Amino acid sequence: MAKTLTGVQKKKRGIGWDGKTLKEMRKEITEISKETGHYAGLKTLPFKESDPIRFEKIYSKLRGGVVHARETAKKVAASPIVEQEGELCFSLYTPEADSIVTSTGIIIHVGTMGAAIKFMIENDYEDNPGIADKDIFCNNDNHVGNVHTCDVHTLVPIFWEGEVVGWAGGVTHVIDTGASAPGSMPMGPVQRYDDGYQVTCRKIGQNDVLSKDWLLESTRSVRAVKYWTLDEKTRIAGCHMIRDLVLDVIKEEGVDAYKQFMREIIEDGRRGFVNQVKTMLIPGKYRQASFVDVPFKDLDLPSFAKLNTIIHTPSEITVHKDAQFEIDFEGANRWGWHPFNATPVSITSGIWVMLSQTLVPNDRINDGAYYASKFGIPYGSWFNPDDIRSAHSNTWHALVAAWSPLWRGLSRSYYGRGYLEEVNAGNAHTSNWLMGGGYDQYGQLSAMNSFETSSCGVGASAVQDGISHSAALWNPEGDMGDMEIWEILEPLIFLGRQILPGSGGAGKYRGGNGWQSLRLGWGAEEWTMFVAGAGVMATDCGLMGGYPASAGYRFQANKTNIKERIEKGLPIPLGGDVDPDHPTYEENMDAEVVYRDRQAVSTQEQFGDYDVIMNYLRGGPGFGDPLERNPKQVEEDLNEKYILLRYAEQVYGCVFTEKNGVYTVDLQATEQKRKQIRKERLDRSQPTKEWMKGERKQILNENAAIQVKHMYAQSFALSEKFTNEFKSFWNIPEEWMIYEDDLGVPTLGSRINRFKQKKKQ
Amino acid sequence: MAKSQILAIDAGGTMTDTFIIDEKGDFVVGKAQTTPLDEHIGLLNSAKDALSQWNTKMEDEFPNLLAGVYSGTAMLNRLVSRVGRRVGLVVNKGMEDNHRMGRGLQSFLGYSYSDKIHINTHHFDPPLVPRKWTVGVTERVDLFGNVVIPLYEHEIEPAIQKLIDEDVEAIVISLLHSYKYPAHERKIRDIAEQIVAKANKDIKVFATVDYYPVRKESHRTNTTIVEAYAAEPSRKTLENIDTALREAGTNFDLRIMASHGGTISIKANELARTCVSGPIGGMVGAKYLAEQLGLKNVACSDIGGTSFDIGLITQGELAINASPDMARLVLSLPLVSMDTTGAGTGSFVRIDPNYGNITLGPDSAGSRVGVCNPKGGLDTVTVSDCHVVLGLINPDNFIGGVIKLSKEKAYEAVKTQIADPLGLTVEDAAYGVIELLESQLRNYLESMILGKGYSPSQYVCFSYGGGGPLHTAGYTKGLGFEDVLIPAWAAGFSAFGCGAADFEYRYDKTLDLNVDDRAEDSDILLAGRELQAAWDELKKKVTEEFKKNDYSPEEVDFRLLYRMQYQGQLNDLEIEAPISAFKSVNDWDSLIQTFEETYSRVYAKSALSPELGYSITGAIVRGVVEVAKPQIPQEPLFGETPPVDAFLGFRKIYWNGEHLQAKIYEMEKLLPGNRIDAFSILESTATTLVVPIGFEAYLDENRIFHLKEIKE
């Protein structure tokens, strides 16, 4: 029989194991894992069970090596975001892109880099452009599963005797990617084409050397070239250290042992995760929701993007009886013309970041946990856009809001099991992001994104206050860094850093406080600034009677008379905006333009010397009824300026006497006052059923803000299940409905719509 | 009879140890209760105890002493337990909260990996200076040293007065970028001193720039506060000790062990750097021993009960970490660079109930040893329990028999907690724990050496500390060290190190000298002049310090160093200058060449980035003067066969799947020239050296064991 062309092609030996292609390997591993419920079909772990010590030795060598690679490589970087904030991460993968071990850092990228490798496998990179030993690949394409454009991946295949035995991946958060506005998470992009320079899994080097065309093109496509270049060297150095490490392990242990090990460690990770779930949680359903504002109506954007709207993220955690862990986001609303969209990989990978801080805080986390869980991510929603035009550059705005409720879900379970110390009322909305760019104090084209936001307040637990100014959901090893280091990068002088009283949510245990820094434009040749925070809605929510953290706002003043005031030795704005209801900044300067409002996202505007801008880093939510807080703790908070007097009185029901600025709580009067407040609460209250009746009437009359109606209309248009549940909960007739088209809002890009699809049918 | 030469004092929280070394390198150790209120009393009692072992007295021996070095934990304790002075802090107005906010990372410093990511475990320690004793003064200077906001002088007096009214005992002044523009801090300092004098108060004023003129305000501020809060109160104590020793007949200038690995006078300007504990002494001792033995590159390893400490000596020099942390504070002291992992002989061993893997530490039993110690009250297995199960340590002769250990208890605990869950025999489980521990230590040691751009074959490994020699074979196996040395006095090595430390000052200064690749000669010369000016300034500082002990500049051996990086980077490398002074453009070329050689070794050649240009970020001057140091033992060589009286008999041990009869020797009775083959255990009061299968040990004329891997 004559040989067919496909027959000949098939004979070409793959670079995977035993001559298979990586695509064949990927398919096999997915299928057998799905069929058996065990990773790679491993119902037993023969290596681990027969030689647990050797197994553990290999694990600790790989794990230690990957961590060490990160620590060493990061010293190459120039960017404080990488070097000081630790915004980099390395991970080791199987040939099919399942993660084996991961360093510390922004471990959300375990998933996103895996997605990039899978993309290359899926698109037959093995044939074209080819995958060879010592190749270097780069990816930062949002629609391949990246979080946002500024997270740039370097991916290096690891070969052993002609066979791929794995991949090393490294990611850093670069300062600028050449988007329509400067900074790593710019405001301004509303479409993919504004998001900046996107590299889709491209081969950028061979024989461990980067190609010249790549070096030229990439450095001409971004603003802060120096940081871009050294970040890339950091990633490559780390990946090569990991490659050496793996080859060393194979030399010591043999390739067969290594292959068996990589399968078993992932299945081991899966089992461990299941056991953690069994230990910590109670089977059942946990429901919650989050909302975050998108105030774009007055921004300088295309007309279809000029819209005030809300991102809606309901979530339902199901802990199954067999400890399978499931999160379903049915009912989430539509993606939009803003840079806050996300991909399914980034939301699920981000959930692992969160779970590793609470449910599985150990170094064994790998893709095994992914195989033990299930996610429902509605197509067409803001984290699964059906349109490649979606923008993602500031996806964290929505992600941190969407995850905060998950803490509450888990915490209810912890509380039920008695793990009171593990309870956490939720993460802060990790903002503001203070960004800008232009020609800096050295005359070089540059950009900035202040990572002070890595030190927000933490949610309270059921036994103590959340800690203040110290952490971010995306990196628990938060650090605001030294001002003297930030000033190397940023042409802005610090005029203050101060804890913001009342920024942590009130409660029996209060949320950790946030803080503010104040910056003065100084020394840039030419510069623009903008902010990206959340100013209208409380994105977190207290737990069991605790209050949410306070919402954000913006403060900025341009064309001030600060220079003249300095010359005269007069007071100028300094420190935090301690009591925004009684502001002092404005008393100490005149300015042609002052923004003090809830417009906490803005697009870039020119920013000159002696202009000032405030950065507000948010607090965490509280736990329990504030009236149950120990009055002595309220007194301490007041004297230590963690709360303002009037809130200590109104919210905590405390009564004080004051002498020389020091407050003492009057315990007896406080008890009386708290009794009184409880009584007033009772007087104000009504039976739930009656309250629901009133609310139902409001719904039937469509008596809600346009933004709320729009948000629900989108959720209704995407999900029949959500619509039915909503209606049945509120007992609303079948014919009642809100349609996007009836609201007079721009609907460009709303292509999935079950109502229209029904009509078409 | 012995003739005492060196006195080394280690004053711990409860016990004060004194080590007195004679002209042959022999030493005695004395112990006495620490007397915190009058430390010299405990010290003299301890010295008496030591000398009584040589049947002699202080009045006879103290006049013979050539040198004395003190190291104590009083300062560190003061810091950790927050019982220092009432310090007031003056900062830029608007930044009064910055010190108490700490740095976010101070909320998880010193945590294990698991706790670092486990957010609910994070916590801040109380700030050294509370908010109410912090005041602000308006001023700002940018990173280039330009004045953006002049000092609002009218704000100084009320601010200082507020602190005086609060009854502070010291005042620290820290302004942003003061290392670049010191005038404002010094102005406030001078005015504050006047106000203090007028108020007739005894309040010492510290400007950060007079102490640590280096970038990173939280490091600089913390360190200067430590100076005022914990170090300055020690000055009086040290003077009392010095006086007491002189009255007891000594005739040397008492010196203190400092973080940079040298010793400094008790009159030194900066005392915060003496706030160091234990492990540094070992590194310094290793450096001295290496010099005596003519070794250039040494990897030092020290296992104690709670941790494994490793550090490198490269080309005869200790590496320095310029922004270390101690007591959960980021600091700007030069600290001998060491890596520490929380795995020691007292580390707890557990099986993770959900993942089924062995975990070692990070917590440990400390002095309670393990379940095997019936008086320890522990029920969790430790590494020491595994030693007991395997027979590696003698349960009846632990620390010279001070604690009697129970093999049965250890066996039972390892069985139920480790062996049964893993499906292994008790012996295999215990052996597995040791194997895992040693493999982790080995990886750790290897990655540290590789991470610095070297390979183990370029190094000799030193092993000391109480627990080290037991595991030396295990953690050096297969790494290919040039040699592995274990001094027979391993357990007292840290004190030996104190006695062997140089009399050395080291001062650092931050610079920002940016020079582009292929720059104009004029730019290079400008930068060179500034570098030289910084070296001159620091040299002067070092000279001033030595003057306090009557050393003239001619007696000081000056070493010049610089810190360099590519422009814009945040990590620099500290390099010894290949030039003795900056004179010409050629000198610049050699500075660059030396930097790039080091850089490509540490970070791989692909990371070289000359296109970015170069930055000199710091100047450093080290000054050393000659002082008396201990002798290394020198004994005649005997035959290869150990003397009969050194042999204590056989003990049954378990090793790698086999029950063996190990030969037990008394370490002190072995003679130079002896060769000890496997399987042998060499016991002394405070340490145990294991010579497992595949190894042999040789004792040389300096009483140092060489542990050699036998090639099969």
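Student: In which order do the four strands of the open sheet in chain B run?
Tutor: The order is β6-β5-β9-β10 (chain B), with parallel pairing. Bear in mind that this is a predicted model.

Student: Which strands sit at the edges?
Tutor: β6 (134–137) and β10 (204–207) of chain B. Each of them pairs on one side only.

Student: How many bridges join β5 to β9 in chain B?
Tutor: Five. β5 covers residues 87–92 and β9 covers residues 170–174 of chain B, and the two run parallel. Within that pairing, Val91(B) is opposite Ser174(B).

Student: Which strands does helix α6 of chain B touch?
Tutor: Helix α6 (residues 156–165) packs on the sheet and touches β5, β6 and β9 of chain B. Its direction is about 175° from that of β6(B).

Student: And helix α9 of chain B, what does that touch?
Tutor: Helix α9 (residues 217–247) also packs on the sheet. It touches β5, β9 and β10 of chain B, at about 170° to the direction of β9(B).

Student: Switching to chain A. Why is strand β15 largely enclosed?
Tutor: Seven of the seven residues of β15(A), 515–521, are buried, so the rest of the structure largely encloses the strand.

Student: Which residues point which way?
Tutor: Trp515(A), Ser517(A), Arg519(A) and Gly521(A) point one way. Gln516(A), Leu518(A) and Leu520(A) point the other way.

Student: What does β15(A) pair with?
Tutor: One partner is β14 (residues 492–499) of chain A, antiparallel over seven bridges. There Gln498(A) is opposite Gln516(A). β20 (residues 612–617) of chain A also pairs with β15(A), antiparallel over six bridges. In that pairing, Leu520(A) stands opposite Val612(A).

Definitions and conventions
Residues numbered from 1 in each chain as written. Chains lettered and ligands numbered in written order. Predicted model: local features only at pLDDT ≥ 70, side-chain atom pairs only at ≥ 80, totals over all residues. Pairing = 2+ DSSP bridges. Contact = placed C-beta atoms within 7 Å. Axes fitted to C-alpha atoms, helices over the stretch in contact; angles between N-to-C directions. Buried ≥ 20, exposed ≤ 12 C-beta atoms within 10 Å, placed from the backbone.
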